Amino acid sequence: MKIAKFLTSLAVGTLIALPAFAVELKIGLQDDADVLDPAQSRTFVGRIVYTALCDKLVDVTPDLKFVPQLATSWKWSADGKQLTMELRQGVKFQDETPFNAQAVVDTIQRNQTMPESRRKSELSSVAKVEATGEYEVTFTLKAPDVTLLAQLSDRAGMIVSPTAAKALGAKFGDHPVCAGPFKFVERVQQDRIVLEKFQDYWNKDNIFVDKVTYLPIPDTTVRLANLRSGDLDMIERVAASDVGTVKSDSNLAYSDAVGTGWLGIYANIGNGARADNPLGKDKRLRQAFSLAIDRDAAMQVVFDGTGLAGNQPFAPNSPWYDKDIPVPARDVDKAKALVKAAGYDRVPVEIAVANNPVTMQTMQIIQSMVAEVGFDVSLKTTEFATLLDAQTAGNYQLSRSDWSGRSDPDGNIQQFVTTGAGLNDSKYSNPEVDKLLLEARQSQDNAVRKQKYDAAEVIMNDELPIIYLGHQAWIWAYNKKITGFVPSPDGMIRLVGVKKSS
């Protein structure tokens, strides 16, 4: 009853029709977002929607520097165990609940304690969070954690309405209420997510769009065709093979940015009954699978030179990359020997794959490559959000998935491979890796952090809970009527300052 009453009160505001001259933006996404609750969600496209829906304590610039958003300033204590943030005043949530320090405390505690939350490992260093003033919040840490600002610049730092969070609980994603420039109107699964401008947004003078509709269209060709026909205003993740078409169309503009994330194949090592499969049980088979892949060739064919081959959670051009573990050359003989040593002639394996053309093309190439050394791969295609649900539940043997990347290296590795972490769908567990990554979090010396990541990479490169394939660039195309869009290595579509001429 409480949820029904709350949703009814919110619906009153959504019945107001937009004026006929309203500026509407239609954005084509590669996938449908999962649950629209920053505490529970994990998809890249969900984060794109959040850039319009949910402001964070801290944002990230295109050159990966932290800048104020809901927090206006912050300072660390001398021992690195306290972070104090001054908060923006005069901010309202989209249900008109006032934003203040207590709202921040409520959100952080929700992220830490809600059973369904995926943010627990990201905030595991936080011993307590307190409102030390009406617009001041203090985080006290168990030990120094230089990654906390990075966590607060993403989903863990998206502050939600305490009124809505209390009323909706784990169903918050049915009608999310945040403090971003656009408020939620409706969602039809696999069809659209509709937002409209929040008239009381603190930075409303820099919002020039009245309505934004996100449409999931997995087929890259169809997505581009809809843009060219005018049914869409903007698309993300343009296929590299379509770049020439975009650049030759006088009605379209093109932007790109080298991403900070990775492309990978998860191995189910300990996540339920389906971990009882050859690759889940024997690292030699995972090593053979990895050695059978010509990463440079696959990346060149699929991404037409816009991506980078890789074998770590950091790209070869990243300062965090361990150059002592270079991208392995394809070695068919060694891979065959490992398969034989594991006691197999042919190895059957099912790989879950999202139903978009780029991912399918990548995996068909890899399927052919690994067949030569003894792997009989069957590709199980599914919608991306369904694939992630299956990963979480352990209903897979191998699963092809990506990570969009974070500004701090911890965000590319810790939550995927440490014991019990929120995105550790492999259920990989190694106490030494846990120890090294915790020590990397706690050091403020980048040289020390690099040593810890390198040492963890040595172990992971041997055990391969995730087989890394490479790193892609983000590519956007949009109608030339759109101005003010700034490409960023995080792949986000920020709508502050974006305009659409008639």
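Residues are numbered from 1 along each chain as its sequence is written, and side-chain values use heavy atoms, with hydrogens and water left out. Because the model is predicted, local features need pLDDT of at least 70 and side-chain atom pairs count only at pLDDT 80 or more, whereas totals for chains, interfaces and linings use all residues.

The protein is divided into domain 1 (24-174) and domain 2 (262-473), with bounds that come from an automatic or database domain assignment. The centres of the two domains, taken over C-alpha atoms, are 29 Å apart. In the interface, 24 residues of domain 1 are in contact with 27 residues of domain 2 (contact means heavy atoms within 4.5 Å). About 2100 Å² is buried between the domains, and carbon and sulfur atoms give 49% of this area; buried area is the accessible area (1.4 Å probe) that two parts lose on being put together, summed over both. On the side of domain 1, Arg 42, Arg 118 and Val 146 lose the most area to domain 2, together 30% of what that side buries.

Two salt bridges are counted between domain 1 and domain 2, a salt bridge being a side-chain nitrogen of Lys or Arg within 4 Å of a carboxyl oxygen of Asp or Glu. Arg 42 forms a salt bridge with Asp 425, with 2.7 Å between the closest N and O atoms. Helix H2 (44-53) and helix H4 (148-152) each supply at least two residues of the domain 1 side that touches domain 2; helices (H or I, at least four residues) and strands (E, at least two) are DSSP runs, numbered from the N terminus.

The whole structure contains 32 salt bridges. One of them joins Arg 187 and Asp 32 at 3.3 Å, N to O. This pair links distant parts of the chain, with Arg 187 in strand E8 (residues 182-188) and Asp 32 in the loop between strand E1 (24-29) and H2, 155 residues apart.

The count of aromatic pairs is 12 (rings of Phe, Tyr and Trp, its six-membered ring, with centres within 6.5 Å; planes under 30 degrees apart count as stacked, over 60 as edge-to-face and the rest as tilted). The ring centres of Trp 262 and Phe 416 are 5.1 Å apart and the planes lie at 70°, so this pair is edge-to-face.
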